[in-house]
Amino acid sequence: MSAAIRVENVSKRYRLGVINRRMLYQDLQSRWARWRGQEDPHSKVGEKLRGNGENFWALDGINFEIRAGEVIGLIGGNGAGKSTLLKILSRITSPTKGRVCLKGSVASLLEVGTGFHPELTGHENIFLNGTILGMRQSEIRRKFDQIVDFAEVEQFIDTPVKRYSSGMYVRLAFAVAAHLSPEILIIDEVLAVGDARFQEKCLGKMESIAGEGRTILFVSHNMGAIRALCSRGILLREGRVVMDGSIDETITAYIGDNFASASSYEAKERPASPHFERITATQEPAAQGTFSIGQPLVVTFETNPCGKKDLTVGLVIRNSQGVWVQHSSDEFAAAKDPLATVSRCIIPPHALGPGKYHLDALLAKRNEEAYEHLVNALSFEIAFDGAMAARTHAADWKGACGPGLLLWE
Amino acid sequence: MNDTATPDAPEDLSQWSKVITPQRGWLDVRWRDLWQYRDLIYMFVRRDFVGTYKQTVLGPLWFFLQPLFTTIVFTIVFGRIAKISTDSVPPPLFYLSGVVMWQYFADCLQKTSTTFTANADIFGKVYFPRLVLPISTVITNLITFAIQFSLFLGVLVFFKLQGAPVFPNFRMAILPLLLVMMAALGLGVGCLVSALTTRYRDLSVAVGFGVQLWMYGSTVVYPLSEIAPEWRWLLVLNPMVPIIEAFRFAFLGSGVVEIWQLAMGAGVCVLVLLGGIITFNHVEKTFSDTI
């Protein structure tokens, strides 16, 4: 396969603080003064050139190449430069240095519904939005029924979109974009729209687009979606490519990036409503941050004595791939005092394989509202203990659960 | 393919269909892209036209009311009170002709001058040749002009039937040329202003009264014949003067205009248009960083 996108040493500089600082007359005064060889009346004291302190390199020497037909996941934390890179690729802004070569038509979808006009009907907006995204009218006419069908808005197609519910609005917007047929498609976090069922439908649509052999560059914070769609990942950190490899490796590296172990959680505020006061992960013999795979791990949830009966404590344990390894709650406890403020969850040896984990905690009344949902309440690592570690390499065991969980005879 | 490679590029870049580089020449306007997006021009025209008048009480009637009321005010203020001559043309007809023409130019200028600031959100999210927007504005205004022009024709026929001394003649055929000149001038100045307002916000304030002042520097509320002959040359440097005078000469049979004035006006319009487009094009590529 030949290359579809080549990014060569692309850098992008933003000047901090100098944008729109001036009025026209100030600029004219400065020029006049400089022309007469006088000091610029508007320069700051001590300012020589527009100094390095004011420069911010959002991208710093990015290099990669994407072959035609590849589906790439672009991953990175906030401020890593993902959006800037997409803006350069989609020609919204120019690079400061470097060069980008593209082969084939490009469509970019950085936001759903760009250019929708609230007074126009759904029908009119499909055409407007489609042409903004680069489609010809004839092409839209040909795909019109498919778009309406996908968006599920047949009844309202002649209603102004300002009367649409927000769900209908994003469905229509995504439907238009999903029916673009460029050779290269650049997508930024657009799956975070609509309800779960529609998100699934979007993901399915994207998979089928990818299956048609188009080149796709996909940005999302949803690792599940990235993993499902992409074959290769590029990880950005502080404007640089730090990883370019298989999607699994890249996601693991990204999650490792954000990993800071925390084996206890302490409430910062103590309102009267039900909340977690303290969550701790402990193990015998005492360990911090890294726990042994061969010993039980005890997670203790303490809630405030609020007087509400039948509160349920739940947990989700996610591994470094973002997979939910465990999802459980104290409803499974054999017996429980309805006013209990302490729940204890015992994670047996080898229930979790070696690796890094995040634990989310949920406090709710059964079948009712959730009082508190702590994402990444705890973060910890599981490792082989002395004897096992000496015998084997942790990396050789790839299961989500530890190898010792199974019984062999 | 329209985008040229940097001259120092050692390798052959022709296998790529697009090459994005930091620099772009001042004169590198992407006409080809613009042509590919011609459907978008149509869609924007439609959006602006339909979007503006949906859900207004009077709908397209606004197109008539605006020149009508302006004409009435001008007739009272400049005709009755200030008693400025209208070259024997009935004052309402004289002012209406000026207002209809001026309005087209002023609309083109003012609406294109906000292109970058008003569309910052779209420009930050999707690429299309930015010139599509001002061009579609000029076309949208053409529809408005057509409606207002029909009002003018109606009033003209009314006065003619009353026996007023107005003499429409074959020179009316020049109207399309006059429109193109006004569109070019409005588009050029509008593009220039909109490019500059991305850096200098205070300019957008100046546009409103700038247009107002320009109107008084054009022969909207007075005929050129009222100006002392030794000063007329100064006034005809403003292309709007020969345009409006030519319009009145063709439709009303009164006005002072010479071919060389129109030709010079056309030259100015073309220069302004080129300057505007080049500046606009230059700002377009880094605009989303500065706004």
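Of the 291 residues that form chain B, 52% are buried, where buried denotes under 20% relative accessible area, exposed over 50%, and partly exposed in between, with a 1.4 Å probe and protein chains only. The structure is a predicted model, in which local features need pLDDT of at least 70 and side-chain atom pairs count only at pLDDT 80 or more, while totals for chains, interfaces and linings use all residues; side-chain values use heavy atoms, with hydrogens and water left out. Residues are numbered from 1 along each chain as its sequence is written, and chains are lettered from A, with ligands numbered from 1, in the order in which they are written.

Chain B contains 13 helices and one strand; helices (H or I, at least four residues) and strands (E, at least two) are DSSP runs numbered from the N terminus. Among contacts (heavy atoms within 4.5 Å) in chain B between residues at least 6 apart in sequence, 79% link residues at least 24 apart.

The surface of chain B amounts to about 13,100 Å², and carbon and sulfur atoms provide 70% of this area. Accessible areas were computed by the Shrake-Rupley method with a 1.4 Å probe, and for residues only the protein chains shown count as cover. A nonpolar patch of about 630 Å² is formed by B:L68, B:F69, B:I72, B:V73, B:I76, B:V77 and B:I81. Of these residues, B:I81 belongs to helix 3 (residues 61-81) of chain B and is exposed, at 62% relative accessibility.

Confidence is expressed as pLDDT, the predictor's value for each residue from 0 to 100. Chain B has a mean pLDDT of 86, with 91% of its residues at 70 or more. Within chain B, the lowest confidence is found in helix 13 (residues 287-290), with a mean of 68, and the highest in helix 11 (residues 240-251), at 94. Residues 1-9 of chain B have pLDDT below 50, and this stretch makes 14 contacts in the model beyond near neighbours in sequence. Where pLDDT is low, the predicted coordinates should not be read in detail.

Chain A comprises nine helices and 18 strands, and 49% of its 409 residues are buried. Its accessible surface is about 20,200 Å², 51% of which belongs to carbon and sulfur atoms. In chain A, A:C202 is buried at a relative accessible area of 0%, whereas A:C401 is partly exposed at 35%. Over all chains, zero disulfides (pairs of cysteine sulfur atoms within 2.5 Å) were found.

Technical notes. Patches are made of residues with over 30% relative accessible area and no salt bridge: like charges are joined within 9 Å, nonpolar side chains (Val, Leu, Ile, Met, Phe, Trp, Tyr) within 5 Å. A salt bridge is a side-chain nitrogen of Lys or Arg within 4 Å of a carboxyl oxygen of Asp or Glu.
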